[in-house]
Amino acid sequence: MHDTPLIGPYNSDDAVAWQRGQTRTARQFLADVTALAESLPDRPTVLNLADNRYAFLVGFAAAILRGQLTLLPQRRAPEALRRLAGDYPGSYVLTDHDDRIEGLDAVPIVSTGGAAPWPKSIPLVPLNQVVAIAFTSGSTGHPVPNKKTWGALTGVARATGARLGIKGGDRIGVVATVPHQHMFGLEASVMLPLMHGVAMYAGRPLFPADIGNVLADIAGRWMLITTPLHLRACVAERMHVPAGGLILSATAPLGRTLAQEAERVFQSEVHEIFGFAEAGSVAERRTVDGDRWTPLEGVCVVQDRDSCTVRAWYLPEPVPVPDRVTVESGGAFFLYGREAEQVNVAGHRVSLGDLNQTLLRIDGVQDGIFFLPDEDAGLVTRLMAFVVAPGKTSEEIQRALRAHLDPVFLPRPLVCVPSLPRNATGKLPREAVQELARQWVGEDGHGV
Amino acid sequence: MTRPGSPTLEPDLAKLIVQTLKLKIDPVSIQPEAPLFGEGLGLDSIDALELSLAISQTYGYQLKSSDPEIKTIFSSLRALANAVEKHRTK
């Protein structure tokens, strides 16, 4: 395994990041990283809690140069962070704000403000150096660690950029609504711009008007790293942005109708990434073109007799895909929802993910989810569905579903709602859907 | 919608918050001066996004986090009602 440069093809005065009219150039970035790396304590692991994307990157790069592992916590609650730090003794916190986590040492990430001369050589990082650990929920309730090497992060970043036609040194501004401590956010909003020598927006816009303002101010082409949730908000606001940008969505399935509307509102292509924390980004598709996923360059999805795995040069061993997959002879594949989401309705097995995909393909459906309530004694438990489809009635959607589903799987009831309770990464926790179902049954369920 | 001369949007906005965020509480129980986020109702940034959409669709006021007063606007039902009253276009 050889070593590769810490940054992509930036010239010394190219912007690495910008916010509110201020930029940090590649020269300043390297100065910030070097200064911070020299001042870091001698510890094995670090929790990088920086809110600002540039500050996070400076902290991440400095930790890499010092051979320290960055932990990417799933949750930000102080107790969860303390537990995680307890699992990795000697951990400390890197931060760019004043909030302190009691019991954990904190080191501030500061910009030097100045700019050192451009170094004779860019620092190199071994491809097999483990630089981060992403955590996933385990069946036991304890987070499961997934080690990420420099090779894995840079490999995914380069392959994603290549698929989207981004070339080193392109004039692109990358803006993200997703957190950078999340696996997709780290790959797409931090590593992708860094490896292609393009600029990232240091903030994290939330409201459609914020996203619109940031995109409108970009001199070159814009790229938006986001989720179906934010896209839905932008579509609802009919926002206006310069045409010809590029949208990359992940973390939850994007409905085709929403993708079409987003392409129209943004006048830009909407691409989607399939991935999961254990393997990172795996495949890409332009959602309006169909359901087929094409693996990223260097990534292979292999179907064995009863399981499916992802293989890549940077993965030490094949990683099982948590979804049901069928692979075509050319290597492209189709997803049919999570294996674990299998439910039984009146003796018939079905994957909730499969049903959700069917729902999302229906004309006019922006978002939707099937839900199997906990069983009532003595009664056949029916599926429910919650659907976001402005302008459509629940009868119309039921009629469309009938064409795709056996009657036993048709939701009773199908409830039209203004939105679904997705969390900060766009996912829909089962508890949240349960709560929605409880409320609905409690309030209006008698009239069905 | 409030009639002209109605003293405040607070009751309407409380209903909108409860409906939009599917809170299992009586709108009347939201204290006008209590924080909406963090403690108080415990809302998060995704709730803020949902709420901003509902406010935009109902009152024609688009919230921005670049507004200097954004923290104040979301600090309580009363502050939010005042901001909506000031900026509403419908």
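A:R20 lies in the loop between β2 and β3 of chain A, where helices (H or I, at least four residues) and strands (E, at least two) are DSSP runs numbered from the N terminus. Although A:R20 is not a glycine, its phi is positive, at about 45°.

A:Q267 is likewise not a glycine and has a positive phi, of about 50°. The loop that holds A:Q267 runs between α8 (256-266) and β15 of chain A, and A:Q267 is partly exposed, with 13 other C-beta atoms within 10 Å.

## Basis of the description

Residues are numbered from 1 along each chain as its sequence is written, while chains are lettered from A and ligands numbered from 1 in the order in which they are written. Because the model is predicted, local features need pLDDT of at least 70 and side-chain atom pairs count only at pLDDT 80 or more, whereas totals for chains, interfaces and linings use all residues.

## The mixed sheet of chain A

An open sheet of nine strands in chain A has the order β3-β2-β12-β11-β13-β14-β15-β16-β17, with mixed pairing; two strands pair if DSSP finds at least two bridges between them. The edges are taken by β3 (22-25) and β17 (294-295) of chain A, each of which has a single partner strand, so one side of each is left without a neighbour in the sheet. Within this sheet, strand β11 (residues 172-176) and strand β12 (residues 199-201) of chain A run parallel and are joined by two bridges, and A:V174 stands opposite A:M200 in β12(A).

Helix α1 of chain A packs on the sheet, where it touches β2 (15-19) and β3 of chain A, and its direction makes about 70° with that of β3(A); contact here requires C-beta atoms, placed from the backbone, to lie within 7 Å. Helix α5 (residues 183-196) of chain A also packs on the sheet, touching β11, β12, β13 (221-226), β14 (246-249), β15 (269-276) and β16 (280-286) of chain A, and its direction makes about 160° with that of β11(A). Angles run from 0 to 180 degrees between N-to-C directions, and axes are lines fitted to C-alpha atoms, for helices over the stretch in contact.

## Other helices and strands of chain A

Helix α1 (residues 26-39) and helix α2 (residues 53-65) of chain A have axes 8 Å apart and pack at an angle of about 55°. That angle makes α1(A) oblique to α2(A), given that angles under 35 degrees count as roughly parallel, over 145 as roughly antiparallel, 65 to 115 as roughly perpendicular and the rest as oblique. In the contact between them, A:D32, A:V33, A:L36 and A:A37 of α1(A) meet A:V58, A:G59, A:A61, A:A62 and A:L65 of α2(A).

Seven of the nine residues of helix α6 (residues 208-216) of chain A are buried, so α6(A) is largely enclosed by the rest of the structure. The buried residues, among them A:I211, A:V214 and A:L215, pack against β11, β12, β13 and α7 of chain A. In strand β25 (residues 367-371) of chain A, five of the five residues are buried, so this strand is also largely enclosed. A:D367, A:I369 and A:F371 point one way from β25(A), and A:G368 and A:F370 the other way. Five bridges pair β25(A) with strand β26 (residues 384-388) of chain A in the antiparallel sense, and A:F370 has A:A385 in β26(A) as its bridge partner.

Chain B has four helices and zero strands, and 29% of its 90 residues count as buried. Of the contacts in chain B with a separation of 6 or more, 63% are between residues 24 or more positions apart. The axes of α1(B) and α2(B) come within 10 Å and cross at roughly 130°, which makes α1(B) oblique to α2(B).

The buried residues of α2(B) include B:I46, B:L49 and B:Y59, and the buried residues of this helix pack against α7 (228-236) of chain A together with α1 (10-20) and α4 (77-87) of chain B. After α2(B) comes B:G60, with a positive phi near 70°.

Key. A residue is buried if 20 or more other C-beta atoms lie within 10 Å of its own, exposed if 12 or fewer, and partly exposed in between; C-beta atoms are placed from the backbone. Two residues are in contact if their C-beta atoms, placed from the backbone, lie within 7 Å.
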